[in-house]
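Q: Could you go through this structure with me, contact by contact?

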Amino acid sequence: NRERSVMHLLEVKNLKKSFGNIEAVNDVSFTVPQGAITGLIGRNGAGKTTTIRMLMNIFLPDSGDILFQGASAGIEFQEKTGYLPEERGLYKKLKVLETIFFFAELKNKSKKQIEKRAIELLKKFDLFDRRNSKVEDLSKGNQQKLQFICTVIHEPDYLVLDEPFSGLDPINTNILKEMILEFKRQGKVIIFSTHLMEFAEKMCDHVVMIDKGKIVLSGSILDIKKRYSHRNISLVYDGDISFLKGDSMIESIEDYGNYTGIKVKEESDVQNVLSALISHKVNVRSFIANDISLHEIFISLVGADSENNEKKEN
Ligand code: ATP
């Protein structure tokens, strides 16, 4: 089907993978669009890494298909992809610049071909001064930045990044985020896994939510938000809103600390919630009608206990 193969880079169909009794990936199907960032999101143990490993041909699925541009995915996808594995694998005794050359060579790129780019990337990540340090002398965050550079040094068309932000401080997180967005502007396709909803929400065009080995939701973020935001209010406030809890116009209230999600009943008007807040002298800092966060959608689909798990394992 030509039209579909143009639209999608990858089509994952009914993938299954078990380890003994554990159904790590259980009948997972989703598509990865061209020219976009796709987020594979879910809490720890959801099956993200196992799915990614099958995309990268590290694990063979027990059953199911992966199509690359409409045809059965073979070595071609791997060759065109920069893959950042979850388990970080760098040689501790090698120096930083040598490490980059080593990874480039694995992808048939000579030192000469990539040296300029390597220096550029090292500077961008504030690692240039460490270019002659041994990997083992770098902090964990710096090792991770180096591994990312090694992932992209051969200028792949596609990026598959397993939890790329884990272990990075806010400044480096931001540098990495900017770089991923820059790759998107260059037309590259990016797939990354994360358990951080806020990140997925801000960066991705398309999300695939996975829980306990199954897809709970997938599609474009805009479509998904449109679908779930009806009658929902995103509220940021100072004061006491406990009076709303028993109010007849309210269906549910979810307090997330930084903001509160309020769902009003079908027959209620969201504007009445705003008037009630004001008449109760609540200091409303932000009130957005018909808006919902990805986090709220996720919790509404997989249950509140997953939120606790997520926090515990963070
Ligand atoms: P995390 O964010 O914690 O890495 P994840 O979503 O990437 O989670 P997976 O690593 O894919 O999840 O794990 C899914 C399930 O499969 C888990 O229950 C895990 O323990 C199990 N699992 C994964 N790899 C193996 C393996 N090689 N052998 C046995 N069990 C495995």
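Q: What does His 206 touch, not counting residues up to four places away in sequence?
A: His 206 touches Thr 31, Pro 33, Ile 37, Thr 38, Gly 39, Gly 219, Ser 220 and Ile 221. Contact means heavy atoms within 4.5 Å. The model is predicted: local features need pLDDT of at least 70, side-chain atom pairs count only at pLDDT 80 or more, and totals for chains, interfaces and linings use all residues. Residues are numbered from 1 along each chain as its sequence is written, and side-chain values use heavy atoms, with hydrogens and water left out.

Q: Where is His 206 placed, and is His 206 buried or exposed?
A: His 206 is in strand S9 (residues 206–211). Helices (H or I, at least four residues) and strands (E, at least two) are DSSP runs, numbered from the N terminus. His 206 counts as buried because its relative accessibility is 11%; buried means under 20% relative accessible area, exposed over 50%, and partly exposed in between (1.4 Å probe, protein chains only).

Q: Next, the nonpolar core. Which residues touch the most other members of the largest one?
A: Ile 100 and Leu 146 do, in a core of 51 residues. Helix H4 gives the most to this core, with six residues. A nonpolar core is a set of buried Ala, Val, Leu, Ile, Met, Phe, Trp, Tyr and Cys residues joined through side-chain atoms within 4.5 Å. Another core, of 24 residues, lies apart from it and includes Leu 10, Val 12, Ile 52 and Val 160.

Q: What is Leu 146 in contact with, leaving aside its neighbours within four places in sequence?
A: Leu 146 is in contact with Leu 90, Val 96, Thr 99, Ile 100, Leu 127, Val 135 and Leu 138.

Q: On to the rings. How many aromatic pairs are there in the whole structure?
A: A search finds ten. Rings of Phe, Tyr and Trp (its six-membered ring) pair if their centres lie within 6.5 Å; planes under 30 degrees apart count as stacked, over 60 as edge-to-face and the rest as tilted. Phe 68 and Tyr 158 are edge-to-face, because their ring centres are 5.8 Å apart and their planes are at 75°. That pair links distant parts of the chain, with Phe 68 in strand S4 (residues 63–68) and Tyr 158 in strand S7 (residues 158–162), 90 residues apart.

Q: And how are the rings of Phe 77 and Tyr 158 arranged?
A: They are stacked, because the centres are 5.8 Å apart and the planes are at 25°. Phe 77 lies in helix H3 (residues 75–79) and Tyr 158 in strand S7, so this pair ties together parts that are 81 residues apart in sequence. Phe 68, Phe 77 and Tyr 158 form one aromatic cluster.

Q: Changing topic, how many salt bridges are there?
A: The count comes to 14, where a salt bridge is a side-chain nitrogen of Lys or Arg within 4 Å of a carboxyl oxygen of Asp or Glu. One of them joins Glu 251 and Arg 231 (3.2 Å, N to O). Glu 251 is in strand S12 (residues 250–255) and Arg 231 in the loop between helix H9 (221–229) and strand S11 (232–238), 20 residues apart.

Q: Is Arg 231 buried or exposed?
A: Arg 231 is buried, with a relative accessible area of 15%, whereas Glu 251 is partly exposed at 46%.
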